[in-house]
Amino acid sequence: MSKFIWIFLVVLAGSLLPIQAGLNTKMGKAIDSPVWASLISFAVGTLAMLIYAGVTKQGFSISELRNVPAHTWLAGVLGAFYVTTIVLAFPRLGPALTFGLVVAGQLFISLLLDHFNILVQVQHGVNIFRIIGMLLIIAGVVIIRSF
């Protein structure tokens, strides 16, 4: 796929996160448990991925799972932490501040991963323009919080 399509898909995925948070929050209130709402969200997501994998005939070798580094299993824990935190924060902070902070956190860690060549294929060192970009994101979060 072209880079333009990937850019579009990433923007689309990002734009759906506040909607997901709102829906998970509504479910959490309806069942009186944000934690169970997160679990249900993961279960539905797992079912959707199973269907997608089946329809697209995606396969993998179960025996190869033993070759997966142990620390990579933390991805699922990180996902659960993220979704549950967002479900709990969303009604308290609102969508704009919640996701402004999410973007600021993502960008900060992404800059570190890029700079130190951690979990990336191509290293991109921190430079003044990247620092200015990060500061602009933080300034945006401060402005959103102020008004």
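**Figure 1. Contacts across the sequence in the predicted model of the protein.** Of the contacts that link residues at least 6 apart in sequence, 51% join residues at least 24 apart. The protein has 5 helices and 0 strands, and its pattern along the sequence reads α-α-α-α-α. Taken along the principal axes, the box filled by the C-alpha atoms is roughly 45 × 45 × 30 Å. Buried residues account for 18% of the 147 residues, while the accessible surface comes to about 11100 Å², with 75% of that area belonging to carbon and sulfur atoms.

**Figure 2. Helix α3, residues 74-93, with its bend at valine 87.** This helix has 20 residues and spans 27 Å from its first C-alpha to its last, which is close to the 28 Å expected at 1.5 Å a residue. At valine 87 the helix α3 bends by about 25°, and proline 91 follows within four residues of that position. Beyond the end of α3 comes glycine 94, whose phi is positive, near 85°.

**Figure 3. The buried residues of α3 and the helices that cover them.** Val83, Thr84, Ile86, Val87, Ala89 and Phe90 are the buried residues of this helix. An α-helix has 3.6 residues a turn, so residues three or four places apart point the same way. Val83, Ile86, Val87 and Phe90 are among the residues of α3 that are buried, and the bend of about 25° is located at one of them, valine 87. What covers the buried residues of α3 includes α1 (3-31), α2 (34-55) and α4 (95-115).

**Figure 4. The aromatic pair of phenylalanine 90 and phenylalanine 99.** The count of aromatic pairs comes to 1. In this pair, phenylalanine 90 and phenylalanine 99 are arranged edge-to-face, with 6.5 Å from centre to centre and 70° between the planes.

Methods. Residues numbered from 1 in each chain as written. Predicted model: local features only at pLDDT ≥ 70, side-chain atom pairs only at ≥ 80, totals over all residues. Heavy atoms only, no water. Helix = DSSP H or I, 4+ residues; strand = E, 2+ residues; numbered from the N terminus. Buried < 20%, exposed > 50% of the residue type's maximum accessible area, 1.4 Å probe, protein only. Contact = heavy atoms within 4.5 Å. Areas by Shrake-Rupley, 256 points an atom, 1.4 Å probe, with all protein chains shown as cover. Expected span 1.5 Å × (residues − 1). Bend = angle between axes of the 7 residues up to and from the residue. Phe/Tyr/Trp six-rings, centres within 6.5 Å; stacked < 30°, edge-to-face > 60°.
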